[in-house]
Amino acid sequence: MSELTSLPSWRSLESHYEVMKGMKLSELFHEDSNRASRFSVEFGDLLLDYSKNLITQETMDLLLSLADECGLRQSIDAMFGGDAINRTEGRSVLHIALRNRSNRPIMVEGRDVMPDVNDVLVRMCEFAYKVRAGEWLGYTGVPIKNIVNIGIGGSDLGPKMACEALKAFGQKDLNMYFVSNVDGFHIADTLSGLCPDETLFIIASKTFTTLETMTNANTARDWALMAFGSKAAIAKHFVAISTNAELVSEFGIDTKKMFGFWNWVGGRYSMCSAIGLPIMLQIGPKNFMSMLDGFHAMDEHFRTEDFSKNLPVIMGLLGVWYNNFFNAQTYAILPYDQAMHRFAAHLQQVDMESNGKYVGKDGKKVKWQTGPVIWGEPGTNSQHSFFQLLHQGTKLIPADFIGFCRSQTPIGTHHKVLMANFVAQTEALAFGKSTVDVLAEGVAPELAQHKTFEGNRPTNTLLADELTPYTLGVLMALYEHKIFVQGVIWNVFSFDQMGVELGKVLAKNILKDFEAGKKAELKHDASTNAIVKRLIERM
């Protein structure tokens, strides 16, 4: 591919931006009475209204041309075809195989991966049925009531987000907990109220060597051994999501209760694999399969739909428009559903670990901005914290508003109040309030500017009928593919995470210093040496 900024469509977008940067959303809506329908797409019961963006049809045509010039169609076909598109690690990228409900063959190195995927799913279902039915008994013959998932990153964020989002579909007598932080408070606080007889631990680590996860896992094992006084109890209260049978067995876990996954699944894309076992345990195999159905439906939409009506493509290109032409540094994810309070946190990893790269596929430093900072919180809490900056700050922050027509918990007028705010905020961000209107309300002239809202703050509205396992799958796949689109445009490898590794290596070196204590020969920079020395002296 030619240098991104030299492409004809990119040059045209630069010229087009000079026109669009002075446009007002209020004028665009006034000029086009069909704007809302023109810039809306539906997928099942999911509506994407992107009309409140700083775009015209010319903008979208140019962005779609950019996608074509960057070879997006070929990149999609390569991923779904099992090609090793993660070239820095020589791997295919096949999270889409984990939810391939059509069961069509997906080949990696001449071998169909679907039989292995299906085998793990069957084993997960069998285990989940036993636990949920009270047939999986602990060491003392007591059914499991508490499940503690110990993992970090993709082994924690996705499953935790989904379990929170789908809590309404959970089994009431099963309690789900997640431990990720190596800070001892996290596991101590989690275990403090639990009965060992009723507690099952899921240790999620592909290699079974992840420092934070195994530190927490060893503490959990010590807790169980202290309670039961026998190593035989470990096999009744621990299962593993891993590929390292030797270390799993050494830990004391029966390898028949080890659920594997594959190197063509990145951690942040793995919640449809065995990493999703906590989700299946909470909502049950049937609902889990419904979630996979939602993922697969969006996968197929992304794979086959024309780009002009393709939700991930549209959202991805709009993100490029703001990131690279309006110089928007961040992007807000705002779900108006308290159950989705971990959605933005999960997307932080999926997006920022994927496209937070300054090296292009050619090994050279790119000359354009890549991934934005992703952040957000649920409405309406967020309206009373950072929305001030969205409305009147000096930074342009595009935002996605995610809402549902019906509530999981219909109580009185709560949902109507919630959704009134949901709609009002996108209206206010788009159109603001003029000084003329403020003065007409009788506001003192010296205060008028303070109460003026410029508007012109872009938003997408994503509105589905109800938050269900299927809908969550649709939404997650939508964002995964949006991120893929942007990685293709920015010409970076979205499926490695080299930036995570350096800190891990250095942490192991510093841990050796701590273990050596005052005898440690510190060989870091002056600042690091001073901090390590102070910690050794005062720990």
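In what order do the five strands of the open sheet with parallel pairing stand? The order is β6-β5-β7-β8-β9. The legends below describe a predicted model, in which local features need pLDDT of at least 70 and side-chain atom pairs count only at pLDDT 80 or more, while totals for chains, interfaces and linings use all residues. Residues are numbered from 1 along each chain as its sequence is written, and side-chain values use heavy atoms, with hydrogens and water left out.

**Figure 1. The five-stranded parallel sheet.** Five strands make up this open sheet; strands are DSSP runs of E with at least two residues, helices are runs of H or I with at least four, and both are numbered from the N terminus. Two strands pair if DSSP finds at least two bridges between them. β6 (175-179) and β9 (258-259) are the edge strands, each pairing on one side only. Strands β5 (residues 146-150) and β7 (residues 199-204) run parallel and are joined by five bridges. N149 has I202 of β7 as its bridge partner. Helix α9 (residues 184-191) lies across β5, β6 and β7 and runs at about 165° to β6; axes are lines fitted to C-alpha atoms, for helices over the stretch in contact, and angles run from 0 to 180 degrees between N-to-C directions.

Figure 2. T213 belongs to helix α10. With a relative accessibility of 1%, T213 counts as buried, a term that means under 20% relative accessible area, with exposed over 50% and partly exposed in between (1.4 Å probe, protein chains only). Leaving aside residues up to four places away in sequence, T213 touches I150, G151, I152, I203, A204 and S205; contact means heavy atoms within 4.5 Å.

**Figure 3. The six-stranded mixed sheet.** The open sheet shown here has six strands in the order β1-β2-β13-β12-β10-β11, with mixed pairing. β1 (40-43) and β11 (373-375) stand at the edges with a single partner strand each, so one side of each is left without a neighbour in the sheet. From one strand to the next, the twist averages 15°. Six bridges pair strand β12 (residues 399-404) with strand β13 (residues 459-464) in the parallel sense, and G403 stands opposite L463 in β13. Helix α21 packs on the sheet, where it touches β1, β2 (46-49), β10 (330-335), β12 and β13, and its direction makes about 165° with that of β12. Five of the six residues of β10 are buried, and this strand is mostly covered. β10 also pairs with β11 in the parallel sense over three bridges, with T330 opposite V373 in β11.

**Figure 4. The two largest pockets.** A pocket is found on a 1 Å grid over the protein atoms alone, as an open set of points with protein on both sides within 12 Å along at least five of seven lines; a cavity is a set of points where a 1.4 Å probe fits but cannot get out, and lining residues have an atom within 4 Å of a point. Grid points are joined across faces, edges and corners, and a volume is the space filled by probe spheres set on the points. The largest pocket has a volume of about 1,000 Å³. It is lined by 41 residues, of which T210, Q497, V500, E501 and K504 are the closest to its centre. Two or more lining residues come from each of α10 (211-228), α16 (343-355) and α22 (498-516), and α22 gives the most, with seven. The lining comprises 15 nonpolar, 17 polar and nine charged residues; Ala, Val, Leu, Ile, Met, Phe, Trp, Tyr, Cys and Pro count as nonpolar, Asp, Glu, Lys and Arg as charged, and the others, Gly among them, as polar. The second largest pocket, of about 490 Å³, is lined by 29 residues, with R87, K361, N491, V492 and F493 nearest its centre. Helices α5 (72-80) and α21 (469-490) each supply at least two residues of that lining.

**Figure 5. The largest cavity.** Four cavities of 30 Å³ or more are counted, and the largest has a volume of about 80 Å³. Among its 13 lining residues, G319, N323, Y331, P372 and Q486 are the closest to its centre. α15 (311-324), β10 and α21 each supply at least two residues of this lining, which divides into seven nonpolar, four polar and two charged.
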